[in-house]
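Here is a short briefing on one protein model. Look at the sequence and structure first, then work through the points by topic.

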Amino acid sequence: MKKYKKIVFYGDSITKGTYTEEGAQTPMCIASPAYPEIVSKELEAENFINYGTNGISYSKASRIMTEAAFYNTVEKCELGDAIFVALGTNDYGTDVPLGDAGEEDGMTFFGAADFCLGKLKARSPDSDVFVLLPLPRLDQNKPNRVGFVLDDYRNALVSIAKKYGEIVIDGGKLPVDPASAADKRKYIFDGTHINEAGHRLLARFILDEIG
């Protein structure tokens, strides 16, 4: 398995490690360790930084954490010889329009994701960029207010990542079923945020995918 000196992770609340404890109403817990730490240790990284931030999206059209959108920060973000980007579930959840392939407009998902992933490759062409697709969530097959399901955003990311020669990890295939009562108790109580057991599972899944 390839080793990296410095790994940087960009993502939303899931990357940060935020989750809802069983019986609670809101995601107030932080997994320790979250998957970025587990992955980095397994890859024997000398340094890793987790920039996971609750609520952020690729697109600045999201109605939550607009200023922190990756589109607004990617030109100055910290780089490593491996960069993981795990965003998209909030774009779906906050009804960001999908847009069209080839756009670079931060007000659509295609446009924002293309700009961000292209900018990472331009700024650090020798880095390995891993694009983690959104994980399973309970409502993923329900069209959002602009008419798209989560797979539409996943598929957009696949096409953009391939355009820039980046490595796709299909987080949608994580073996967790938010509709299963057993998996809800074990991994994903609120249907969206994985708990500490879920982070261990995700880390193993990522390592197997890139191994």
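A pocket is an open set of points on a 1 Å grid over the protein atoms alone, with protein on both sides within 12 Å along at least five of seven lines. Grid points are joined across faces, edges and corners, and a volume is the space filled by probe spheres set on the points. The largest pocket here has a volume of about 230 Å³.

The model is predicted: local features need pLDDT of at least 70, side-chain atom pairs count only at pLDDT 80 or more, and totals for chains, interfaces and linings use all residues. Residues are numbered from 1 along each chain as its sequence is written, and side-chain values use heavy atoms, with hydrogens and water left out.

**The largest pocket**

- The pocket is lined by 14 residues, and those closest to its centre are S13, G55, I64, N90 and H193. A lining residue has an atom within 4 Å of a point.
- Helices α1 and α4 are the elements that give two or more residues to this lining. Helices (H or I, at least four residues) and strands (E, at least two) are DSSP runs, numbered from the N terminus.
- The largest share, three residues, comes from α4.
- By class, the pocket lining has two nonpolar, nine polar and three charged residues. Ala, Val, Leu, Ile, Met, Phe, Trp, Tyr, Cys and Pro count as nonpolar; Asp, Glu, Lys and Arg count as charged; the others, Gly among them, count as polar.

**The cavity**

- A cavity is a set of grid points where a 1.4 Å probe fits but cannot get out. Rolling a probe the size of a water molecule over the atoms shows where empty space is left.
- How many cavities of 30 Å³ or more are there? The count comes to one.
- The largest cavity has a volume of about 90 Å³. Of its 13 lining residues, D12, I14, A86, P134 and L135 are the closest to its centre.
- The cavity lining divides into nine nonpolar, three polar and one charged residues.

**D91 in helix α4**

- D91 lies in α4, which covers residues 89–93.
- Is D91 buried or exposed? D91 is buried, with a relative accessible area of 0%. Buried means under 20% relative accessible area, exposed over 50%, and partly exposed in between (1.4 Å probe, protein chains only).
- Beyond its neighbours within four places in sequence, D91 is in contact with S57, Y58, S59, V96, F109 and Y153. Contact means heavy atoms within 4.5 Å.
- D91 and S62 are 29 residues apart along the chain, yet their C-alpha atoms are separated by 6.2 Å.

**Helix α5**

- Helix α5 has 15 residues and reaches 21 Å from its first C-alpha to its last, close to the 21 Å expected at 1.5 Å a residue. The expected span is 1.5 Å times one less than the number of residues.
- This helix is mostly covered, with 11 of its 15 residues buried. Among them are F109, F110, F115 and L120.
- The buried residues of α5 pack against α3 (70–73), β5, α4, β6 and α6 (150–163).
- T108 caps the N-terminal end of α5, with a side-chain oxygen 3.0 Å from the backbone nitrogen of G111. Such a polar contact is a pair of N or O atoms within 3.5 Å; within protein, one must be able to donate a hydrogen and the other to accept it, and residues adjacent in sequence count only if both atoms are side-chain atoms.

**Helix α8 and H199**

- Helix α8 spans residues 196–210. Its buried residues include A197, L202 and F205.
- N195 caps the N-terminal end of α8: one of its side-chain oxygens lies 3.1 Å from the backbone nitrogen of A197.
- H199 lies in α8. H199 is buried, at 0% relative accessible area.
- Leaving aside neighbours within four places in sequence, the contacts of H199 include I14, P33, Y35 and I194.

**Backbone details**

- The peptide bond from S32 to P33 is cis, with omega near 5°. P33 sits in the loop between β3 (29–30) and α2.
- E44 has a phi near 60°, a positive value in a residue other than glycine. E44 is exposed, with a relative accessible area of 56%.
- D95 has a positive phi too, near 65°. D95 counts as buried, at 14% relative accessibility.
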